[in-house]
Amino acid sequence: MKPLFKNIFLFAAASGILVACSGDPENIVPPKEQVFKGFHHALDSILQKKEGIVHGVELSEPLNDVKSKEKKKPDELDVDYCLYNYKVDSLTSYSVAYSFVNDSLDEMEVQINSTSQDEGATILGNIKKYYTEKYTAPLMDKGIYVFNCFDSKKKNFKISLTDNSTTETGVINMLVYREK
């Protein structure tokens, strides 16, 4: 090949590779609108919906209805129990455990773990604020916040929130149950 044609060929090949590698600009997905505006972003993951109590679920629902409302398969599953583990962000994760009696949701237990005690305290404060606005102000019983609530069928239930944080990590336990 003559040097001039060789240079043109190399230039064309290099240009073709650059164009082929650049492709279309990456589609940027706009941020999802927050469900719980004015609250910590973790509530969008932990509570997910304004309907129901946690993940849109209410007590007395059958196992299959609860599973259909979750975004993934359970990490643990038995005839009367299922557990889901989720990650909110680099600091916070949580688990939701559902317990059933006669295929009816009897209890929900949520544990929220944060590697930052400050983050955990903020999330706890926001959950207390949200449930206070949705249901009623909690009573304090031996260091546990207890909300007396009514579901969409006007049945009474309780939510208890416990702060089990250490000086370095945030640990929040939430239990949803009917008094027996």
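Before any surface figure, a word on method: accessible areas come from the Shrake-Rupley method with a 1.4 Å probe, and for residues only the protein chains shown count as cover. I found that the protein chain exposes about 11100 Å², with carbon and sulfur atoms supplying 56% of it.

**Ground rules.** This is a predicted model, where local features need pLDDT of at least 70, side-chain atom pairs count only at pLDDT 80 or more, and totals for chains, interfaces and linings use all residues. Residues are numbered from 1 along each chain as its sequence is written, and side-chain values use heavy atoms, with hydrogens and water left out.

**Overview.** I counted four helices and eight strands in the protein chain; these are DSSP runs (helices H or I, at least four residues; strands E, at least two), numbered from the N terminus. From the N terminus on, I read the order as α-α-α-β-β-β-β-α-β-β-β-β. Of the 180 residues, 37% count as buried (under 20% relative accessible area; exposed is over 50%, partly exposed in between; 1.4 Å probe, protein chains only).

**Helix α4.** I checked its length next. Helix α4 covers residues 117-134, and its 18 residues should span 26 Å at 1.5 Å a residue (the rule is 1.5 Å times one less than the number of residues). The end C-alpha atoms are 26 Å apart, which agrees. Seen down the axis of α4, the buried residues fall within an arc of 165°, so they line one face of the helix; the arc is that of the directions from the helix axis to the C-beta atoms. Those buried residues include E119, I123 and Y131. On the face turned away from the buried side I noted the exposed residues D118 and E133. The buried residues of α4 pack against α2, β3, β4, β6, β7 and β8, contact being heavy atoms within 4.5 Å.

**T92.** This residue is found in strand β3 (residues 92-101). Is T92 buried or exposed? At 1% relative accessibility, T92 counts as buried. Leaving aside neighbours within four places in sequence, I found T92 in contact with several residues, among them E119 and I123. The T92 side chain also makes a polar contact with the side chain of S114 at 3.4 Å (a pair of N or O atoms within 3.5 Å; within protein, one must be able to donate a hydrogen and the other to accept it, and residues adjacent in sequence count only if both atoms are side-chain atoms).

**V54.** I found V54 in the loop between α2 and α3, buried with a relative accessible area of 0%. Among the residues V54 touches, not counting those up to four places away in sequence, are M108 and Y131.
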